[in-house]
2 protein chains.
Amino acid sequence: MHQGRRHGGRGPGRLTVVSLGPGSEDLITPQCLAALERAEVLVGYTPYLDLVPEAAKAGKDLVSTGMRHEVDRAEAALDAALDGRDVAVVSSGDAGVYGMAGLILEMVETRGLRDVLDPEIMPGIPALTAAAALLGAPLTHDFAVISLSDLLTPWPVIERRLEAAAQADFTTAIYNPRSRRRHWQLGKALELLAAHRSPDTPVGLVRQAFRQDQAVSVHRLADFDPSAVDMVSIVIVGNASSRIVGGRFGGDRMLTPRGYAGKYDLDK
Amino acid sequence: MHQGRRHGGRGPGRLTVVSLGPGSEDLITPQCLAALERAEVLVGYTPYLDLVPEAAKAGKDLVSTGMRHEVDRAEAALDAALDGRDVAVVSSGDAGVYGMAGLILEMVETRGLRDVLDPEIMPGIPALTAAAALLGAPLTHDFAVISLSDLLTPWPVIERRLEAAAQADFTTAIYNPRSRRRHWQLGKALELLAAHRSPDTPVGLVRQAFRQDQAVSVHRLADFDPSAVDMVSIVIVGNASSRIVGGRFGGDRMLTPRGYAGKYDLDK
């Protein structure tokens with residue numbers, strides 16, 4: 001179909017996948033900001049384009065689409081780059097973590113464009129570590145990252161991964177934990193984890209990290225209420241060593257010790 | 001011991017754990033750069049302090065120590081903050097991923113300082129997603145992150161996690177893959193993964209991501225040579241769907257499809 005298509009006699013343009021981080025301008029790297037400023041065309045899911053600093057959007061062609069139109073966005077980005085334009089595809093968080101980086105590379109391959117377009121992927125702060133920083137230090141030891149979205153992954157595969165993370169004592173970060181259509185999966189996931197964890201295991205919930213409506217809370221696994229969780233949340237369940245530590249100003253925090261206390265005798 | 005200690009009649013200062021990202025200045029967030037510029041005292045492992053931009057170091061007190069002196073660094077940082085100073089503890093990558101964030105929170109608790117010091121943790125680009133961006137898009141589906149360092153973790157725990165990641169088909173990112181003292185573990189880890197993966201599974205190796213001596217390569221699991229790996233490398237082993245995709249300019253890349261092709265019929 002579009003294979004190798006060129007327009008207007010210009011050579012192919014530039015295609016960059018830009019990571020916006022969690023949503024605050026001061027968490028966008030200078031590398032990504034420069035790519036946004038340089039681009040002529042910005043392509044992204046509408047709420048992600050909203051995260052692009054205004055100065056980098058002014059005078060640009062914006063191609064935005066709704067949720068689950070990732071393929072349309074990727075097509076539009078490739079077409080604009082083939083037209084010779086400088087195109088930035090934006091993702092929130094890190095574009096490589098459940099983001100657009102994979103789909104862009106996949107479509108370059110599928111459309112037979114690997115000798116024409118060579119997309120650059122720019123990393124960003126993933127929602128995962130943004131949430132972790134707000135919670136304290138839950139990820140200082142081995143961890144697993146699992147999405148509960150079963151749109152593209154059969155639920156039994158997700159369940160097998162939750163079970164493995166529970167058994168092997170991974171701290172577990174859960175993406176896409178809950179939506180109106182996906183209302184029972186988080187409860188089931190917590191049940192699978194609880195079978196291998198103490199009821200006191202801390203569960204961190206971060207909603208809208210580093211955005212205006214940010215909410216951060218730490219709970220006991222036995223008390224955690226999944227119905228408080230929505231699509232723009234990340235849930236982090238501790239491992240067997242994780243514990244809740246108090247803080248004067250910020251309320252409870254979640255800590256997964258790396259093992260220093262045992263090794264170095266911190267209580268000297 | 002030092003519980004609640006104060007010096008010179010000043011109140012406690014400010015303690016910030018700052019993430020430097022992989023090592024390039026244009027991957028340090030404005031938030032972290034501002035914290036470095038504001039700080040009076042910078043504390044870190046010597047090679048990490050080398051990553052702090054010169055302008056942010058000028059005129060500062062620098063407290064640097066060698067490897068495995070994390071506890072000394074954390075003590076020094078807490079002492080300086082108790083002295084009323086503005087202290088930044090620096091980690092490369094994201095300070096919450098095998099970094100200093102956990103140890104700082106742990107020592108605040110151990111020393112009974114939770115009503116005195118409330119460290120702020122600032123996220124950064126983890127080595128994990130920096131490496132992923134250079135490799136292509138290996139992390140677009142569920143993944144596990146495992147350190148092979150057995151200084152603080154018994155090897156059987158590490159092995160159990162590798163086995164779980166292999167069985168449940170997680171893309172697996174390996175931190176601290178190999179050093180002079182830790183020479184056999186990576187070979188063993190790859191053997192455990194290979195028992196559940198095709199010989200064609202891509203393995204990505206990134207050394208010194210976004211630094212001067214950066215080296216990026218993609219291999220078949222069956223051909224991968226662990227002896228090429230060192231302490232400043234990250235290894236990412238794909239899941240059952242990961243594959244090698246070609247690129248014109250950058251050589252082979254590693255892609256873990258999220259499943260769009262099956263769902264949306266990309267070959268239309």
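This is a predicted model: local features need pLDDT of at least 70, side-chain atom pairs count only at pLDDT 80 or more; totals for chains, interfaces and linings use all residues.
Figure 1. A:R161 lies over the face of B:F170, at 5.9 Å from the ring centre.

**Figure 2. The aromatic pair of A:Y98 and A:Y175.** Over all chains, a search of the whole structure gives six aromatic pairs. In one of them, the ring centres of A:Y98 and A:Y175 are 4.9 Å apart and the ring planes stand at 50°, so the pair is tilted. A:Y98 belongs to the loop between strand 4 (86–91) and helix 5 (100–110) of chain A, while A:Y175 belongs to strand 8 (residues 171–175) of chain A. A:Y98 counts as buried, at 10% relative accessibility. A:Y175 is also buried, and its relative accessible area is 9%.

**Figure 3. The aromatic pair of B:W155 and B:W184.** The ring centres of B:W155 and B:W184 are 5.0 Å apart. Their planes are at 70°, so the pair is edge-to-face; the cut-off for that class is over 60 degrees. B:W155 is in helix 7 (residues 155–167) of chain B. B:W184 is in the loop between strand 8 (171–175) and helix 8 (185–194) of chain B. The two residues are 29 apart in the chain, and the pair links distant parts of it. B:W155 has 14% relative accessibility and counts as buried, whereas B:W184 has 43% and counts as partly exposed.

**Figure 4. Packing of helix 7 of chain B against helix 8 of chain B.** Two packed helices are described by the angle between their axes and the distance between the axes. The axes of helix 7 of chain B and helix 8 of chain B come within 8 Å of each other and cross at roughly 30°. The crossing of these helices is right-handed. From helix 7 of chain B, the contact is made by B:W155, B:E159, B:L162, B:E163 and B:A166. From helix 8 of chain B, the contact is made by B:Q185, B:K188, B:A189, B:L192 and B:L193. Sorted by class, the residues in the contact are six nonpolar, one polar and three charged. B:W155, one of the contact residues of helix 7 of chain B, is also in the pair with B:W184.

**Figure 5. Surroundings of B:T140.** B:T140 is placed in the loop between strand 6 (136–137) and strand 7 (143–147) of chain B. At 2% relative accessibility, B:T140 counts as buried, since buried means under 20%. Not counting residues up to four places away in sequence, B:T140 touches A:G96, A:Y98, A:G99 and A:G102 of chain A, and B:T256, B:P257 and B:R258 of chain B.

Figure 6. Chain A has nine helices and 13 strands. Its C-alpha atoms fill a box of roughly 70 × 40 × 35 Å, taken along the principal axes. Of the 268 residues in chain A, 58% are buried. A:G21 is found in the loop between strand 1 (14–19) and helix 1 (30–38) of chain A. The relative accessible area of A:G21 is 0%, and A:G21 is buried. Leaving aside neighbours within four places in sequence, A:G21 contacts A:L27, A:S92, A:G93 and A:I125. From A:G21 to A:E191 the C-alpha to C-alpha distance is 31 Å, and the two are 170 residues apart in sequence.

**Figure 7. Two residues of chain B with positive phi.** Most residues other than glycine have a negative phi. B:D169 has a positive phi, near 60°. The loop between helix 7 and strand 8 of chain B holds B:D169, which is buried at 12% relative accessible area. B:F210 also has a positive phi, near 55°. B:F210 is in the loop between strand 9 (202–207) and strand 10 (215–220) of chain B. The relative accessible area of B:F210 is 17%, and the residue is buried.

Technical notes. Residues are numbered from 1 along each chain as its sequence is written. Chains are lettered from A and ligands numbered from 1 in the order in which they are written. Side-chain values use heavy atoms; hydrogens and water are left out. Rings of Phe, Tyr and Trp (its six-membered ring) pair if their centres lie within 6.5 Å; planes under 30 degrees apart count as stacked, over 60 as edge-to-face and the rest as tilted. Helices (H or I, at least four residues) and strands (E, at least two) are DSSP runs, numbered from the N terminus. Buried means under 20% relative accessible area, exposed over 50%, partly exposed in between (1.4 Å probe, protein chains only). A charge sits over a ring if NZ of Lys or CZ of Arg is within 6 Å of the ring centre and within 35 degrees of the ring normal. Contact means heavy atoms within 4.5 Å. Axes are lines fitted to C-alpha atoms, for helices over the stretch in contact, and angles run from 0 to 180 degrees between N-to-C directions. A crossing is left-handed if the near helix is turned anticlockwise from the far one by less than a right angle, and right-handed if clockwise. Ala, Val, Leu, Ile, Met, Phe, Trp, Tyr, Cys and Pro count as nonpolar, Asp, Glu, Lys and Arg as charged, and the others, Gly among them, as polar.
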